[in-house]
Amino acid sequence: MINDLQQHPGSAGIRSLIDRWQQDQEFRENIAYWQITPAREALNAPIPTSLDPHILEALNTLGITQLYSHQAEAVERVNNGENLVIATGTASGKTLCYNLPAVQRALSNPNARILYLFPTKALAQDQLTSLNQLIKALPSKKPLPANIFDGDTPQHMRSAMRKESVFLLTNPDMLHQGILPHHAIWQPFFQGLSLVVIDEMHTYRGIFGSHFANLLRRLKRVAAFYGAFPKFILTSATIANPVELAEILIDDQVSLIDQSGAPQGEKHFLLYNPPLVDPKLGLRKSSVQTSVNLGLSLLEANRQSLLFARTRRTVEMLLTYLLEQLPPYQRPKVRGYRSGYLKADRREIEQGFKNGSIRLVVATSALELGIDIGELESVILVGYPGSIATTLQRAGRAGRKQQDSLALLVATNDAMDQYLANHPEYLSNSPEKALVDPNNLLVLYQHLRCATFELPFSPDEGFGLVDSQKLQEIFQAMSAAGEVLNRNNTHFWVANAYPSAEISLRSSTPNVVSLMVDGPDKPTLIGQMDAHSAEWLVHPQAVYLHEAESYLVEELDLAQGVCKLKPAQPDYYTLPTIKTTIESFQERSTQPVGSSNISSGPLSLSIRVEGFRKIRWQTNETLERLPLDLPARGLETEGAWFSIGENLVNHLKELALWNSDSNDYGPGWPALRQKILVRDQYKCAACHQSFAPAELHVHHIQPFKTFADPLQANAASNLVTLCHRCHAVVETRVRVISGMAGASHALRNIAPLLIMCDDADIAMLTEPKSILNNGQPAILVYDTIPGGVGLSHQLFEDHLFWLARAAEMISDCPCEDGCPACVGPFGEEGYGSKRESLALLKGMLHE
């Protein structure tokens with residue numbers, strides 16, 4: 001808690017490694033961006049005299065004789081009765097910004113109670129230490145109990161905590177399920193509730209943020225019932241709209257502090273683009289292998305490091321490759337960390353990382369917040385995490401004690417990563433907006449059920465800023481379902497259900513699947529995930545990775561919430577194949593885009609995991625495509641779609657720049673197909689096995705769409721017989737990507753420049769014959785969150801910028817005909833659609 005800029009002893013170590021890399025020509029040739037932020041001295045301010053004398057003495061005991069300027073400003077503004085949002089950078093001392101006003105209130109009013117909300121349990125544990133450090137330094141002997149109340153709190157301790165806690169630290173999930181529904185036994189706490197602290201506000205976006213805003217509506221409603229009207233302090237990483245987000249979350253006005261007075265050590269931020277291995281196809285060395293090598297270099301230099309991966313699967317791949325290259329005695333120093341790990345494992349990893357026994361952790365966003373590893377000097381980001389704000393947050397995990405630090409972003413072959421490698425100036429732009437929609441009908445309905453369970457709704461009562469007519473419609477639906485009873489225009493909960501138990505704040509589905517592995521005595525639980533993720537990650541026959549161990553899925557029972565696994569060592573991993581069908585849509589808004597249109601509105605979709613691919617490790621070769629028989633899932637959401645004009649399509653056809661139509665092999669194709677099968681004696685030309693005619697395919701050696709004349713394409717010399725499996729492998733290697741698919745790929749990957757969302761929050765669909773455009777071509781983007789949260793609508797609003805940046809991404813790519821960095825992945829013999837995709841995007845822009 002010392003507010004002084006100190007030269008950290010580890011700085012020399014990371015500095016020597018940086019110096020070595022600066023002198024390495026091969027390393028420097030692959031650096032697309034190297035930003036050095038110089039060390040900065042503190043901007044101090046006197047400690048406000050409005051603070052209680054006991055606090056002044058405690059700060060002096062802790063060696064704090066001055067505050068940073070933003071800390072002093074925060075104290076004064078909260079003392080003036082303002083709601084406050086503090087949006088300064090990482091490691092800027094935001095903790096004192098809320099701990100000082102919180103302790104001030106506790107000392108000035110013996111009945112005051114303060115609620116802290118943290119998005120993760122690990123973060124609450126860390127912050128309790130800081131709070132208790134300040135409390136214990138107070139000269140006053142008055143007890144000020146501070147307690148964590150979450151799912152890990154033992155039952156026998158909970159009653160005492162409810163009675164004694166002046167400071168209560170918890171998370172949204174516990175407030176949702178364990179506190180608000182039982183508010184009667186928390187009466188003294190709610191009666192004295194004076195201040196609510198919301199840390200890491202920027203994490204409350206998308207579906208989680210929409211749930212959280214409604215949770216705060218319920219909190220304020222219960223507090224008001226007991227006569228309390230608390231003020232709010234919110235903290236955030238750097239985002240573009242901190243005031244807007246804060247005011248949506250708390251339904252009230254806030255004041256902003258965004259100028260930090262904290263010191264910092266020298267910071268190095270590097271964007272490393274792995275070397276090209278095939279310039280023609282634009283293919284680069286694997287970002288995973290590159291990151292493994294960099295991680296091993298940091299281990300060798302004894303620099304404690306954190307590797308961030310974008311997905312759980314990548315975490316396990318990185319962990320597997322790292323452990324394979326380390327001697328047995330060093331392997332315990334390297335661990336993985338992600339959601340799905342059990343609580344005991346996560347706590348063990350956290351403690352090992354803090355005490356230094358673990359030197360390298362490979363993690364997803366699960367460790368983006370949480371424990372403060374003060375000694376951490378270096379962070380590697382394996383792939384762009386999807387937003388500038390998240391990039392800054394992860395990079396800021398290093399150098400939190402003002403030591404010199406390194407953050408290295410390793411670009412993948414993905415389009416967005418390569419765009420940033422060509423346009424690194426975007427990393428210096430203002431971060432994106434965090435979007436939430438607390439009035440999303442599905443989310444609102446769920447929380448109104450919870451709120452009615454907690455307290456009856458009186459006739460003149462509102463719920464945040466929700467329209468009164470919408471409220472009455474929801475209550476009518478709840479009444480029709482037999483959940484509420486209306487007496488004298490007051491709505492009472494009468495159902496036997498416990499509604500908060502049915503709602504997950506962090507996903508659109510409340511269902512959870514337990515991952516079980518058969519053991520010698522009984523099955524062992526190794527992790528959990530939500531039901532929607534289970535359809536993708538642990539479908540039957542999938543390979544599931546956990547702590548660098550491979551498991552084969554034997555059975556997935558979504559109804560019972562159980563997935564049965566068995567240990568296995570396959571030479572492949574699996575990826576699902578998703579089929580999306582548009583059932584219905586409503587066009588609410590339309591704007592012209594050149595000779596085409598863009599529209600937005602609600603959609604009804606049917607989504608089904610219809611199969612999966614087996615992909616060989618290391619080479620990423622598709623070994624086999626297999627079908628699955630899983631039920632379709634309906635999705636009511638919001639979307640935006642480009643309806644591609646007929647004139648544009650005809651113009652592109654005249655220029656031979658349109659290959660998005662389905663193949664028409666001509667009326668003589670059935671007879672020609674039979675002739676080729678007979679010629680090849682019903683044998684596959686690749687595996688040389690015989691098959692029934694229905695199991696064989698006739699394949700065009702040079703793709704059909706690359707010919708101007710169908711007769712030349714259908715020449716017998718260009719046709720060969722293949723079985724289903726071999727055909728799938730060849731099609732992966734030799735593939736014509738349509739201009740629509742290439743344009744859609746670029747649009748999908750450039751979207752994070754406009755919206756701050758997780759990768760799975762939006763999806764794209766291209767259809768050559770779409771009901772969205774009266775049977776003509778259309779490109780659709782939609783929110784994957786039921787009801788939508790405004791992501792696709794934001795893209796609709798900024799569609800010209802979106803199209804222009806997608807076209808720029810493709811034109812700037814150094815490949816010849818298209819590659820994963822611009823129009824999408826294909827094999828080494830693939831035919832790209834770079835010209836077609838670029839022509840389509842520019843045509844839509846009327847260029």
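A residue counts as buried when its relative accessible area is under 20%, as exposed when that area is over 50%, and as partly exposed in between (1.4 Å probe, protein chains only). Helices (H or I, at least four residues) and strands (E, at least two) are DSSP runs, numbered from the N terminus.

The buried residues of H4 are His-70, Gln-71, Ala-72, Ala-74, Val-75 and Val-78. An α-helix has 3.6 residues a turn, so residues three or four places apart point the same way. The cover over the buried residues of H4 includes strand E2 (44–45), strand E3 (67–68), E4, helix H5 (94–108), E9 and E10. Just after H4, Gly-81 adopts a positive phi of about 90 degrees.

A word on the model. It is a predicted one: local features need pLDDT of at least 70, side-chain atom pairs count only at pLDDT 80 or more, and totals for chains, interfaces and linings use all residues. Residues are numbered from 1 along each chain as its sequence is written, and side-chain values use heavy atoms, with hydrogens and water left out.

Now the whole protein. Its secondary structure comes to 27 helices and 34 strands. The C-alpha atoms fill a box of roughly 95 × 75 × 65 Å along the principal axes. The radius of gyration is taken over C-alpha atoms, and the globule rule is 2.2 Å times the number of residues to the power 0.38. For 847 residues, a compact globule would have a radius of gyration near 29 Å; the protein has 29 Å, which agrees. Of the 847 residues, 56% count as buried. Accessible areas come from the Shrake-Rupley method with a 1.4 Å probe; for residues, only the protein chains shown count as cover. The accessible surface is about 35,000 Å², and 49% of this belongs to carbon and sulfur atoms. Contact means heavy atoms within 4.5 Å. Among contacts with a separation of 6 or more, 73% join residues 24 or more positions apart.

Two strands pair if DSSP finds at least two bridges between them. Seven strands form this open sheet, in the order E6-E7-E5-E8-E9-E4-E10, with parallel pairing. Its edge strands are E6 (146–148) and E10 (255–257), and each pairs on one side only. Axes are lines fitted to C-alpha atoms, for helices over the stretch in contact, and angles run from 0 to 180 degrees between N-to-C directions. Neighbouring strands of this sheet are turned by 15 degrees against each other on average, direction ignored.

Follow the pairing through the strands. E4 (residues 84–86) joins E10 in the parallel sense over three bridges. Ile-86 stands opposite Ile-257 in E10. E4 also pairs with E9, again in the parallel sense over three bridges. Here Val-85 has Leu-234 of E9 as its bridge partner. E8 and E9 are parallel too, over four bridges. Four of the five residues of E9 are buried, so E9 is largely enclosed by the rest of the structure.

H6 (residues 121–136) touches E5 (113–117), E6 and E7 (167–170), and its direction makes about 170 degrees with that of E6. H10 (residues 206–225) lies across E5, E8 (193–198) and E9 (231–235), at about 170 degrees to E8.

H10 also meets a helix. Its axis and that of H11 (residues 242–250) come within 7 Å and cross at roughly 50 degrees. Angles under 35 degrees count as roughly parallel, over 145 as roughly antiparallel, 65 to 115 as roughly perpendicular and the rest as oblique. H10 and H11 are therefore oblique to each other. Gly-209, Phe-212, Ala-213, Leu-216 and Lys-220 of H10 make the contact with Ile-248, Leu-249 and Ile-250 of H11.

Another open sheet of seven strands runs E1-E11-E18-E17-E14-E16-E15, with mixed pairing. E1 (31–37) and E15 (334–337) stand at the edges with a single partner strand each, so one side of each lacks a neighbour in the sheet. E14 (residues 305–309) and E16 (residues 360–363) pair in the parallel sense over four bridges. Leu-307 is opposite Val-362 in E16.

Finish at Ile-644, in the loop between strand E30 (633–643) and helix H20 (646–654). Ile-644 is buried, with a relative accessible area of 1%. Not counting residues up to four places away in sequence, Ile-644 touches Ser-596, Val-649, Met-740, Asn-773, Pro-777, Ile-779 and Leu-840.
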